[in-house]
Amino acid sequence: MTRLANGGVIDRQRPLRFTFNGKRYQGYEGDTLASALVANDVLIVGRSFKYHRPRGLLTCGPEEPNALVQLVSDGDQPNLRATEIPLREDLEARSVNCWPSAKFDLRAINSVLAPLFPAGFYYKTFMAGRWDFYSRFIRQAAGLGHSPKERDQGRYERVNHHADVLIVGAGPSGIQAARVSAETGHDVMVLDMQESPGGHLLFHPRQIDGRAASDWVSREVGELQARENVTWLQSTTATGYYDHNMVIAVQHEPAESWLKERLWHIRASKVVIATGAVERPLIFPGNDRPGVMLADAAVRYIRRFAAVPGKRVLIYTNNSTPYAHLETFKTAGIEIQSILDLRKSPSEAELSLARNSEVPVIVDARITGVQGRSGVKGVTYQNGAGTKTVRCDFVCHSGGWNPLIHLYSHAGGRSRFEQASAAFVPGERAQGAYPIGGANGTFSLAEGLKEATDVANTLFCESVGNSAWSTPATPATEDEVAYRIDQIWPEKGLKGKAFVDFQNDVTTADIALAVRENFQSIEHVKRYTTAGMAVDQGKIGNPNVIGLVSRELGEEQSSVGTTTFRPPFAPVSFGAIGGSERGPLIIPARTTPMTAWNIENGAAMDEAGANFRRPFFFPRPGEVMEDAVAREAAAVRTSCGIYDGSPLGTFELQGPDTGELLNRLYTNRFDNLPVGRGRFGLMLREDGRLFDDGVTFRVDQNRYLMSCGTGAAGPVYAHIDRLLQTEWTDLNVYLVNVSAAWATMCVCGPLARVVLGKLESDIALDPTFQFLDFRDGALEGINVRVARVSYTGELSFEVNVARRSALKLWKILMEAGKEFDITPVGSETSGVLRIEKGFISPGHEGDNITNPFDAGMGWIVDMTKSDFIGKRSLLRDIKLGGERQHVVGLLPDDERAPVADGSALLPAQESNSRSGFQGHVTAACFSPTLKRTIALALLKDGQNRHGEKVVISGLENSCVATVTEPAFYDPKGERMRA
Amino acid sequence: MLEIPCPWCGPRNETEFVCAGEADRKRPANPEAETEEAWADYLFNTTNPKGVVREWWWHVSGCTRWFQIDRDTVTHEITPVKDPSK
């Protein structure tokens, strides 16, 4: 147990027990899993992806590449970073990517075989033969963690938010920017990834305004949070910056205990990016050994969590930052062996810090090896005086700082290489993104605060157009050691494995190999070596990869450029993305007033168009689908059925030009339709293809009611509305979608008139009530519109009623029809009845090629009209001529042959004129009425091939069939007109 | 996600709208007078420029009005078109 007696934010009164890789440990409230592991001297936290080398913690934050764990105790979540998991009582976690354990991993053999796995190994080795053979073995070894098996019990939600300015990051510059922005009275939102505000001030002892920085943070944040124009969120990570200043952020465990995560969609006029910077590793052999840690991370563990990573440290650097940490190490009782500085001449300020702490500085030094496999025993280094080995139990290194420019880059902003800080910093701006502080390459606290004041000030002078108000002052800070860095790369052909990307196991040798193999673009090197891919997204390794590539190519880093950072900055759970839209709420099903009745009465429900779920068929006990469909069809053909047609689209059109509009929309005429009558219409697309069909009634001189297919309701509405608003703005017509206002029930079958006749009504069902007439009146006191329309080919009355009265009327009809065994009919039966009649369905026989002549519907196309949608294209079809596919009927020789929709048609006998694919089956069924299999199909030149034989070739069955008219039952339509 | 300036409802999220394509494609007043080539061009071809394009947008989950905007296909910069009935 290596925990300091004092200091840190942990609550020593509240110990927490937890399990890591099967062993029990103890930490404290306030710990992260990572800090508790450090305090428990757990060095090995995982295995590397490719070589399965033992790995320890490299960092203390979300950029951690090694400590990926499976959080067993909380929904078995894979690949979480131990540095981001708050410690909880009875927390249980496991390392990913190791077997059987992190300490002893059999796949570490890969490390011995490493010479066999160079960059591009997969591409070179497994593409030569059969990938499907190799993939079985590779897949087993691939991937990190495993998917949870149980349903996620957590609850999530998604919210929208608008702000004048969004500030990402509540470090010193973020806080200062928030302060200045808030004083202007604008709406300010602040997001911060950590549990507490302060950024790096949480970890480093700094002075602001002559007091401890933590005092300044709590005073400023306290005041800001109390303001009405400030929204402040901690534990919230901005994961992506999208178009038009939309930032998406994930809030973890908000104060409401029932919520696990909340996804924020934030639209801001300006976005201030104050995300800071992360430390960059140095590249040396053995830099991935457990116990080799970034210097800043070590300080964070010590200062915030009082967790000490070792007793004797060696510091390795190419820049000034670690010199400021010496005091922290000393105070924690750590013996500092020495500072190995790659640079030849550190600054006097740096050297004086070392002298104060009595730490020897060895300049112009390079580490050539790290001793110890599963922990550090010592370090070998080289300088002018030769090679030496020093004993230590951990190594802290710093290769400089990477500004977190991810969000800036998501927004479309460019980056540029800044020589002085050896970092990629924000370049040309896109959208309203304003980087400040560490994210802008400004690593000094004083300069960061000043930048925050200036940027926030500029933003609002711009938008307010008023500089009269007094800008809040930039707080004062104590003197700092100036940041100096000299990027010194390892020698070429370095011996031993020096890692550039820890998570993807990319070494200096891999980068050199990629360049040797002529990958010159950084984007290609990235994909070939996998550096900067996956969860990591190059947060730590990218600048080093770019530096090495530029060295290998002999080019400047600025000309090599960066790869593209893509969202998300940190992984986002599927739960957060889905929010409350899960299970049945992903696509809520639409219902009709009869849905509940249908389900209660045993309907097998099916997905229908436009998100409706409707009855498929109504099985009685012991019936399979075929039995139920046969019984329902027989009822319609011989007695009486009832069908819920409410999902059909219904539009009301009003205005003096409605007749003209309908003339242009449909292939036939509607201006001459008598009031009180309906007419079947066919609607084409502008390219002359089948679009929709349905019956339109003329309710009044200037008032029509149009019906259309369920799935087509949306597209038809858009089609008409577009024409009215963008093309034919001179037509005086109002279009209203009344689909949800009406409910429709079809009483169909030879006894339909008898059943309706039993009800008390003012609607006469006499012979003058003809096919395609409608009458308004009341049935049992309920206002209805009854129309004689038939989708089944039988005598049929379509009863239209206000939605609220529909269920009542449905039950009345069921009661009235009881003595005739009135039978509810599902959509499967309805489809069978349609095929028997050979009614064209644009959703089946319309295949984006079929025109009305192909479908045998030339009778409804009035080519004498001056124009209608699709007419010009039909003229083109006629002019082009050639062989087209026509709708035909098919009667298999084997009357019980199973035929699947979509089966191909082949010639019964190959000939010069007829060979190969002839068409396909559009709809097939066993007809309960004809007691045989029937099918509708699209067949080349089909209208001229009636009587011929074709082969129906399905995946499982083939059969020979005769081509017929596409009408199998009552072809003259006498029954529906009865 | 784009923010579309609806002339009737103000700026709203893209998910409320349908982009209905290029606004410069007007249906010919007399389609039968069009040559086969001209008609095919109207039916099947779009300009698809890299840069500013004038588009129809439909505020289907809002006021259900159709209006035009100028959108830069590279930067997504949007300029409202003054008279949406044009």
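Good morning. I begin where the chains meet: 19 residues of chain A are in contact with 18 residues of chain B, where contact requires C-beta atoms, placed from the backbone, to lie within 7 Å. On the side of chain A that touches chain B, helix 20 (713–727) and helix 24 (871–880) of chain A each supply at least two residues. The largest share, six residues, comes from helix 20 of chain A. By class, this side of chain A has four nonpolar, four polar and eleven charged residues. Here Ala, Val, Leu, Ile, Met, Phe, Trp, Tyr, Cys and Pro count as nonpolar, Asp, Glu, Lys and Arg as charged, and the others, Gly among them, as polar.

The model is predicted: local features need pLDDT of at least 70 and side-chain atom pairs count only at pLDDT 80 or more, while totals for chains, interfaces and linings use all residues. Residues are numbered from 1 along each chain as its sequence is written, and chains are lettered from A and ligands numbered from 1 in the order in which they are written.

Let me turn to chain B. It has one helix and six strands, in the order β-β-β-α-β-β-β from the N terminus. Helices (H or I, at least four residues) and strands (E, at least two) are DSSP runs, numbered from the N terminus. The C-alpha trace of chain B spans about 40 × 25 × 20 Å along its principal axes. Of the contacts in chain B with a separation of 6 or more, 52% join residues 24 or more positions apart.

Next, a sheet in chain A. Five strands form an open sheet in the order 35-36-37-34-38, with antiparallel pairing; two strands pair if DSSP finds at least two bridges between them. Strand 35 (678–684) and strand 38 (734–737) of chain A are at the edges with a single partner strand each, so one side of each has no neighbour in the sheet. From one strand to the next, the twist averages 25 degrees. Strand 34 (residues 649–654) of chain A pairs with strand 38 of chain A over four bridges, and A:Gln654 stands opposite A:Tyr734 in strand 38 of chain A.

Which helix of chain A lies across strand 34, strand 35, strand 36, strand 37 and strand 38 of chain A? That is helix 20 of chain A, running at about 160 degrees to strand 38 of chain A. Angles run from 0 to 180 degrees between N-to-C directions, and axes are lines fitted to C-alpha atoms, for helices over the stretch in contact.

Finally, helix packing in chain A. The axes of helix 12 (residues 508–516) and helix 14 (residues 542–553) of chain A come within 10 Å and cross at roughly 45 degrees. That angle makes helix 12 of chain A oblique to helix 14 of chain A; angles under 35 degrees count as roughly parallel, over 145 as roughly antiparallel, 65 to 115 as roughly perpendicular and the rest as oblique. Residues of this contact include A:Ile511 and A:Val515 of helix 12 of chain A and A:Leu548 of helix 14 of chain A. They divide into seven nonpolar, one polar and one charged.

The axes of helix 12 and helix 13 (residues 522–529) of chain A also come within 10 Å, crossing at roughly 125 degrees. These two helices of chain A are therefore oblique to each other. In this contact A:Asp510, A:Ile511 and A:Ala514 of helix 12 of chain A meet A:Val525, A:Tyr528 and A:Thr529 of helix 13 of chain A.

Thank you.

Notes:
Two residues are in contact if their C-beta atoms, placed from the backbone, lie within 7 Å.
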